[in-house]
Structures are given as C-alpha cells and as structure tokens.
Amino acid sequence: MSLEFGLQLYSVRDELVKDSSGTLEKVAAIGYKNVEMFFHDASNIGGTVGGLSPEAMKEELDRVGLKAVSAHIDLGFLTPENAEKIIAYSKAVGFTSVAIAIAFYSNKQDVLAMCVDLNRAGELFKKNGIQLYYHNHFEEFQKFDNQYVMDMILDNTDEQLVKMEFDTYWAMRGGVDPIGYLQKLGDRCDLLHQKDLPAGVTPVNLFEVIGEDAHIDMELMVKLHQIDYFTEAGQGVMDIPAIVTAFKGKPEARYLFIEQDWTRKNQLESVEISYNYISKLFHALGL
C-alpha cells in the first residue's frame, strides 16, 4: 500500500473528554481520514472515547468518515485476559495494529523480561490478525551494558511478532539521528509518529540534562514533558521533509501519525496546523 497519514487521537484527548462525538466530527472536518486510538486502561477499555462500546465506536467512525487503523495500549494488555479484550475490541472496530505506548526499565533484566511478554502477546495477537508494535520514547536510547534498550528489544523479540512504531521526535530527544535509526529499523518499522521540536530547546539530547545513568520512570517523564518542548509539525527544527522522504522510500511504510503530546493552542487547532503542513508535504512528495 502507499504511505498515508493520520492522527493519534491522544493529541485531542481533552476535547474527546468534553465531547467525543463532536471531536471526531471536527477531526474529520479538518481532513483526517485515518486515526490511531489509545487505550491506557485495560479495566476501562472504551473510556477514552466516551465509554463507547466497540460497535458504537465503529458506527461513530463510519458516520464521520474516519477509519481506525491502529491503537495504543499499555503493558497491562500483554496478559492473555486483557489481550483478549483488545482483540475483541479491534475486531469490532476494524483496526489491525496495536502498539505498546510506553514502558520504563531499571536494568537490562527488566528489558529482557518485557521482551518475553512482547513475544508471547505478539503471537496471540498474530493468530487473531493483529500486529503488535512497540512505540518508543527517549528512554529506549539509554544504555545498559553499553547497548541501547531499543537495540535489546530488537535483538530479543521475534521480528514477525513485534514491529516498531518509530517516534522520530523522541528518538531525537534520546540523542540519536531519527533518519539513521529509521534506516536501521529496516522492514520492522512501517508506522511512524511525528511532531516537532521548537527552536531554542537546548540541549536536544535529554540525557545531557538527566545523565546517562538516570533512573527513568513516569515521574521523571512527567517532569520532562514541558509544554514548551513541543510544537506542531513544520513549526520547529526537525527535518520532517527528509524524515518523510526516508520513510516513503521503505516499500513496507504504511502510516505516519501526527501525535501532539502537548500544545499551548487548542488541541483541535494544533492538529489542524499539523494536518495542513503534512498534507502539503505529502502532496509535494507525490504521496
């Protein structure tokens, strides 16, 4: 398939809380066709979309002309019981990709233990027509035993069962070249996340702030999630045209998702700015 783009709905999470149906209408009115959902609580699987059942969710998406093609899930969905929940939801709504949204590690053993869980869950998902992905932040570019966590995940998971949804912004914040690492991922990466880094944010590499041996957990991540560290696609210093050019050169590339962690603008205004930039870029690149 040819490369398409869409929106990770986490970008409009506050608007979804206020009015899930109206927000989906506005996302579609901006021009988005594809969306990536997010489920961060296995005990409340539809909570991020107005508590809608999967059948009602599919009706809403169809009504406004949106297609759910993927979803973010948390580590809790790797247990067999919770995996079955997301499998049932995905079959009803129609998405065929799920990505682990975030994880943290204290040491190499933590990483290897998670890889076992990823392989086991990935096999179950695969049997049900769903591809499991891992979505990175910056902590995957911390080193244990002189090896990136990201490399450990690649080395210790089955390439058929676990693919990578590569977040270029967070890779850059982890001190690596997004394009170089994208090329390293090869055919294990066919989903991409894109946002932008404002000019003047220094240092770019967060390990220069916290140190290479920092203990990274959600508390630290929250502290590093400052609003002024994020801007809309095309409004910052990332070489997004080069990133998209590199990504579209991969025959397996499927979707680029706009994901705006934070913005000082209204969330719908924010994702419209990114839509306008990415749609013009895709047109210019013949996509």
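The dialogue below takes up a helix and then a pocket.

Modeller: This is a predicted model, in which local features need pLDDT of at least 70, side-chain atom pairs count only at pLDDT 80 or more, and totals for chains, interfaces and linings use all residues. Residues are numbered from 1 along each chain as its sequence is written, and side-chain values use heavy atoms, with hydrogens and water left out.

Biologist: Which residues in α4 are buried?

Modeller: An α-helix has 3.6 residues a turn, so residues three or four places apart point the same way. In α4, the buried residues (under 20% relative accessible area, with exposed over 50% and partly exposed in between; 1.4 Å probe, protein chains only) are N82, A83, I86, I87, Y89, S90 and V93. Seen down the axis of α4, these residues fall within an arc of 165° (taken from the directions from the helix axis to the C-beta atoms), so they line one face of the helix. The face turned away from that side carries the exposed P80, E81 and K91. Just after α4, G94 has a positive phi of about 110°.

Biologist: What volume does the largest pocket have?

Modeller: Rolling a probe the size of a water molecule over the atoms shows where empty space is left. Here the volume of the largest pocket is about 370 Å³. Of its 18 lining residues, Y10, H40, I102, H137 and M218 are the closest to the centre.

Biologist: Which element gives the largest share of the lining?

Modeller: That is α10, with three residues.

Definitions and conventions:
Helices (H or I, at least four residues) and strands (E, at least two) are DSSP runs, numbered from the N terminus. On a 1 Å grid over the protein atoms alone, a cavity is a set of points where a 1.4 Å probe fits but cannot get out, and a pocket is an open set with protein on both sides within 12 Å along at least five of seven lines; lining residues have an atom within 4 Å of a point. Grid points are joined across faces, edges and corners, and a volume is the space filled by probe spheres set on the points.
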